[in-house]
Amino acid sequence: MQTAAESILFAAGEPIHIDRICLALGTDRPRAEEALRRLGDYYAFERRGIRLVRMEDSYQLCSSPDYAEIIRRAFEIRKTAKLSQPALEVLAVIAYYQPVTRAQVDQIRGVDSAYTVGLLLDRKMIEECGRLQVPGRPRLYRTTQTFLRSFHISSLEELPPLPGLEDGGQLRAAGEETEAAGKEEPQ
């Protein structure tokens, strides 16, 4: 089962949802997840050139970070530009409050975030996920799998709690309010 899962992930070249893997393998979720865990452990233990990365309910084969410089040289890829402090701030607000409008991000930060939101959209760190059902119908934003992969986390639950919050950093309540106001499903 591990080798079949490995073949699927290699051929895909992009994140594949666990349900799709289960369907292809003709097995249930716990067995597929166990096979994927063992495959990921094998890559890590043997210090292979690839890694199995889990992002929420999806899996993807990626090159090992240990060989990033060699891969850049081989393909003449220039180093990815680091995120600026304002970009990290906007990303943090979206990650903790999602789904959130740009106006809400601006209100939290106290400055205009239009340029930075555009930059994060271009880098595929965030995506539009609907519109708020209020006059003007502002866009709602959320983080993407690229965000999870870039920060080496498999789900938003792995985000550290923010200091000073009684509930351990559950800021997503603001996002839940926007959902209660109604939003369209992404198309």
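Here are legends for a few close-up views of this predicted model.

View 1. Welcome to an open sheet of 3 strands, arranged in the order S1-S3-S2 with antiparallel pairing. At its edges stand strand S1 (16–17) and strand S2 (50–55), and each has a single partner strand, so one side of each is left without a neighbour in the sheet.

**View 2. Where S1 meets S3.** Strand S3 covers residues 58–63 and pairs with S1 in the antiparallel sense over 2 bridges. To find your bearings, look for His17, which stands opposite Ser58 in S3.

**View 3. Helix H1 across the strands.** Now bring in helix H1, made of residues 2–12, which lies across S1, S2 and S3. Relative to S3, helix H1 runs at about 70 degrees.

**View 4. The S4-S6-S5 sheet.** Here 3 strands form an open sheet, in the order S4-S6-S5, and the pairing is antiparallel. Strand S4 (100–101) and strand S5 (126–131) are the edge strands, each pairing on one side only.

View 5. Take a look at strand S6 (residues 139–143), which is joined to S5 by 4 bridges in the antiparallel sense.

Technical notes: Residues numbered from 1 in each chain as written. Predicted model: local features only at pLDDT ≥ 70, side-chain atom pairs only at ≥ 80, totals over all residues. Heavy atoms only, no water. Pairing = 2+ DSSP bridges. Contact = heavy atoms within 4.5 Å. Axes fitted to C-alpha atoms, helices over the stretch in contact; angles between N-to-C directions.
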